[in-house]
Amino acid sequence: MSKNVASPRDVLTPDSLALLQGIADAGSFAAAARAAGMVPSALSYRVRQIEDALDVLLFDRSSRQASLTAAGHELLREGARLLAEVDAIANRVRRVATGWESQFTLALDGIIDRRTVLELCEQFFALKPPTRLRLRDETLSGTLAALASGQADLALGVVAEASTVAGLQTRPLGSLRFVFAVAPHHPLAQASEPLSDDLLRQHRAVAVADSVPRGGGLTLGLLAGQDVFTVPGMPDKLQAQLRGLGAGFLPECLARPYIDSGRLVEKRVERAERVTTVVYAWRKAPDAARGKALQWWLQQLEGKVTRQALLGERIALSQ
């Protein structure tokens, strides 16, 4: 190949791809040249430049018709996809310039109802925003840590006691009542109530691991010296307790269907009833500086029905 041959990047422009498509549609170089307002020799020269740069033949010139070779078909197929991507990028850049974030990440604690989150995502996507959504599964202080470290833009289900971090703004999401529950075949299922801490300490507890990457994180509802089975998330904790692998506190909204069906037994304990207040949090910024995705999610969270649904109360999202 000559040293003066252009590179593929030089010749594979939207204009040249459209020119090749025009030849394929017209069926001949002469007809395509007339349609493009070019002399046939100029058109042939442009095509030859592209073929030399790619070191392939794009058209079969053995007849009067301009028939695409296999390589030509592949180039036009991929070229059409590339042109569509260029149009999509242009649209995306124009939209982002209007104030939409390019990506928006939500950190979701294990107590947050995922079905409700996906319903909200569906509503968000219906707006056809240029913003890409990303969901992160977190637990306890890891939910807030994801936000504070810049890995998330909005955190849902932050334990209120852990939410005092400079530069963050919080609003109440609601309160969760926790119930102590065990499988019917667990030894504590038949124990006299209220269950004392001394009795609970004799049995394995199921706990959810804090997802904070460094440090000890939060520990809720465990007793000193108690055997602990640690699982990665709240769904795993529920399944472990259903199997009788341990005992522990579960959000009432999560445990109630299993208690009502007899697959879990609710037990009263001596210690005070556990009610946890949770919040949602985001980084402080002037209202004018907030991206449109954050504005939309915060607006949804203003609805009481939405907040209740995120904490497991299945109500149609009408707000």
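The buried residues of helix H9 pack against strand S6 (168-182), strand S7 (205-208), strand S8 (228-231), strand S9 (248-251) and helix H10. The model described here is predicted. In H9, the buried residues are Met234, Lys237, Leu238, Ala240, Gln241 and Leu242. Just after H9 comes Gly244, with a positive phi of about 80 degrees.

The overall make-up of the protein chain gives the setting. The chain holds twelve helices and eleven strands. Of its 319 residues, 40% count as buried. Contacts were also sorted by distance along the sequence. Among contacts between residues at least 6 apart in sequence, 70% join residues at least 24 apart.

The largest share comes from H10, with four residues. By residue type, the lining of this pocket divides into ten nonpolar, two polar and four charged residues.

Strand S5 (residues 154-159) was examined next. Six of its six residues are buried, so S5 is largely enclosed by the rest of the structure. S5 is paired with strand S3 (residues 103-109) through three bridges, and these two strands run parallel. Within that pairing, Ala107 stands opposite Ala155 in S5. S5 is also joined to strand S11 (residues 274-283), here by five bridges, and this pair runs antiparallel. In this second pairing, Val158 stands opposite Val279 in S11.

Thr276 lies in strand S11. Its relative accessible area is 9%, under the 20% cut-off, so Thr276 counts as buried. Neighbours within four places in sequence were left aside for its contacts. On that basis, Thr276 is in contact with Val159, Gly174, Ser175, Leu176 and Phe178. Of these, Val159 falls within the residue range of S5. Gly174, Ser175, Leu176 and Phe178 fall within the range of S6.

Helix H11 (residues 292-301) shows a further buried element. Seven of its ten residues are buried, so H11 is largely enclosed by the rest of the structure. The buried residues are Ala293, Leu294, Trp296, Trp297, Leu298, Gln300 and Leu301. Two tryptophans, Trp296 and Trp297, are included in this set.

Cysteines were considered last. A disulfide is a covalent bond between the sulfur atoms of two cysteines. A search of the whole structure finds zero disulfides. Cys121 has a relative accessible area of 6%, which is under 20%, so this residue is buried. Cys253, by contrast, is partly exposed, because its relative accessible area of 31% lies between the 20% and 50% cut-offs.

Definitions and conventions. Residues are numbered from 1 along each chain as its sequence is written. This is a predicted model: local features need pLDDT of at least 70, side-chain atom pairs count only at pLDDT 80 or more; totals for chains, interfaces and linings use all residues. Side-chain values use heavy atoms; hydrogens and water are left out. Ala, Val, Leu, Ile, Met, Phe, Trp, Tyr, Cys and Pro count as nonpolar, Asp, Glu, Lys and Arg as charged, and the others, Gly among them, as polar. Buried means under 20% relative accessible area, exposed over 50%, partly exposed in between (1.4 Å probe, protein chains only). Two strands pair if DSSP finds at least two bridges between them. A disulfide is a pair of cysteine sulfur atoms within 2.5 Å. Contact means heavy atoms within 4.5 Å.
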